[in-house]
Amino acid sequence: MLTLLLSSLAHAVPVNMNHQGRLLDTNGAGLQGTQYLTVKLFDAETAGTVVWSEAIVIECTDGYYSTDLGEDGSLDSETLEQYPLYMELTVGSNAPMEPRHPVGAVPFSVISEVAES
């Protein structure tokens, strides 16, 4: 019984994923101060379905920022098991930035937590 309970708990491990970037205005200058960012993961490079999203507040210095996605517990290993995944960013009330970026291999190491023998 304990094995069954533990195996069911391991299938949706909450994760955090560090994300860093640089945001520039239309003149090429780095954004400063508090910015509102919406991050979405899609199952396709264009169109597709949103498989995860989070609205966060970031602090920019000359456009540079670093944040942990999924700190609210909404990102889990089952989401990262979907492949391929593409990240879309939206700053404030602007249109989403293009193109979406493919999610690389490092976040997929998280799913090793649910590996089965």
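Trainee: Is A47 buried or exposed?
Mentor: A47 counts as exposed, at 57% relative accessibility. The scale runs: buried under 20% relative accessible area, exposed over 50%, partly exposed in between, with a 1.4 Å probe and protein chains only.
Trainee: What kind of model is this?
Mentor: A predicted model, where local features need pLDDT of at least 70, side-chain atom pairs count only at pLDDT 80 or more, and totals for chains, interfaces and linings use all residues. Residues are numbered from 1 along each chain as its sequence is written, and side-chain values use heavy atoms, leaving out hydrogens and water.
Trainee: Where is A47 found?
Mentor: In the loop between β2 (33-42) and β3 (50-60). Helices (H or I, at least four residues) and strands (E, at least two) are DSSP runs, numbered from the N terminus.
Trainee: And D62, what about its phi?
Mentor: Positive, near 55°, and D62 is a residue other than glycine. D62 is found in the loop between β3 and β4 (64-69). D62 counts as partly exposed, at 37% relative accessibility.
Trainee: New topic: peptide bonds. Is Y83 to P84 cis or trans?
Mentor: Cis, with omega near 0°. P84 is in the loop between α2 (77-80) and β5 (86-91).
Trainee: What joins E98 and P99?
Mentor: A cis peptide bond, with omega about -5°. P99 lies in the loop between β5 and β6 (101-102). Most peptide bonds are trans.
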